[in-house]
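This briefing covers a pocket, the aromatic pairs and an interface. The sequence and structure come first.

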Amino acid sequence: MALKSSGTPVVKALNGLLTTELRAINQYFLDSKLAAHHGFEHLAEEFRKASFEEMNDAEELMDRILLLGGLPNLQRVDAFATGESITEQFQLAKELEEKAVGQLKAAIVTAEKAADPGTATMLREMLLEEERQVDWIEGQLGLITTLGDTAYLAQQIRS
Amino acid sequence: MWICLCEAVTSTTIREVIEDGAASVGAVAEACGAGTVCGKCKRTIAVMVDQHSPAEKKRFARWR
């Protein structure tokens, strides 16, 4: 069976998104474990959930790539940094999500140009999800500004 | 933030070694170990060398 990851523009775009998702899975998973290590169980749970959601997205992308005759590229994972503080973790998460949102918008255009409404629909759903995630992260950063680090973190101890 | 996860090196440490005279990605690696294992953070380190090198070292900076 001939699979080509570098095939069509749509497959390329989907593989690009997959690269970002793989980074997101790892970044959020590490954020979660660091938060748990420092005793912030509630936050750890939130990051863990985010990591697993990204893994579901990665699975959907992989299935779609295969359906389109491409090979999902799991070897390429973006480099990432992780925050030393919770605020820094959120700032880096925001950067990551903004990148994902930009990439998704571009991929939707690519899919539409290629007359592939199935892929476009799948990506639109992912886009809404990522936009909600950006909104949540911005909310947390807002809370940290309003309440200060200490008061915010005091709310993150229990799961 | 942790820039090099392989060697657990933070941006603070990398910045310090650059300010102390490490003027290339290779020099940063020698000084603190960042970028010596998988190499994925080298791009970020190159940007940091550009940003934080003392003025007199600037023209020697980058990929060496």
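The residues of the lining of the largest pocket divide into 13 nonpolar, six polar and four charged. Here Ala, Val, Leu, Ile, Met, Phe, Trp, Tyr, Cys and Pro count as nonpolar, Asp, Glu, Lys and Arg as charged, and the others, Gly among them, as polar. This is a predicted model, in which local features need pLDDT of at least 70 and side-chain atom pairs count only at pLDDT 80 or more, while totals for chains, interfaces and linings use all residues. Residues are numbered from 1 along each chain as its sequence is written, chains are lettered from A and ligands numbered from 1 in the order in which they are written, and side-chain values use heavy atoms, with hydrogens and water left out.

**Largest pocket**

- The volume of the largest pocket is about 380 Å³.
- Of its 23 lining residues, A:Ala79, A:Phe80, A:Ala81, B:Ile3 and B:Cys41 are the closest to the centre.
- A pocket is an open set of points on a 1 Å grid over the protein atoms alone, where a 1.4 Å probe fits, with protein on both sides within 12 Å along at least five of seven lines; lining residues have an atom within 4 Å of a point.
- Grid points are joined across faces, edges and corners, and the volume is the space filled by probe spheres set on the points.
- At least two lining residues each come from helix 1 (9–37) and helix 3 (86–113) of chain A and from strand 1 (2–4) of chain B.
- Helix 3 of chain A gives the largest share of the lining, three residues.
- Helices (H or I, at least four residues) and strands (E, at least two) are DSSP runs, numbered from the N terminus.

**Aromatic pairs**

- Over all chains there are five aromatic pairs, meaning rings of Phe, Tyr and Trp (its six-membered ring) with centres within 6.5 Å; planes under 30 degrees apart count as stacked, over 60 as edge-to-face and the rest as tilted.
- A:Tyr28 and A:Phe47 are stacked, at 6.1 Å centre to centre and 25° between the planes.
- A:Tyr28 lies in helix 1 and A:Phe47 in helix 2 (residues 41–67) of chain A, so this pair ties together parts 19 residues apart in sequence.
- Both A:Tyr28 and A:Phe47 are buried (under 20% relative accessible area; exposed is over 50%, partly exposed in between; 1.4 Å probe, protein chains only).
- Ring pairs join A:Tyr28, A:Phe47, A:Phe90, A:Trp136 and A:Tyr152 into a cluster.

**Interface of chains A and B**

- In chain A, 12 residues are in contact with eight residues of chain B (heavy atoms within 4.5 Å).
- The two chains bury about 790 Å² between them, 64% of it on carbon and sulfur atoms; buried area is the accessible area (1.4 Å probe) that two parts lose on being put together, summed over both.
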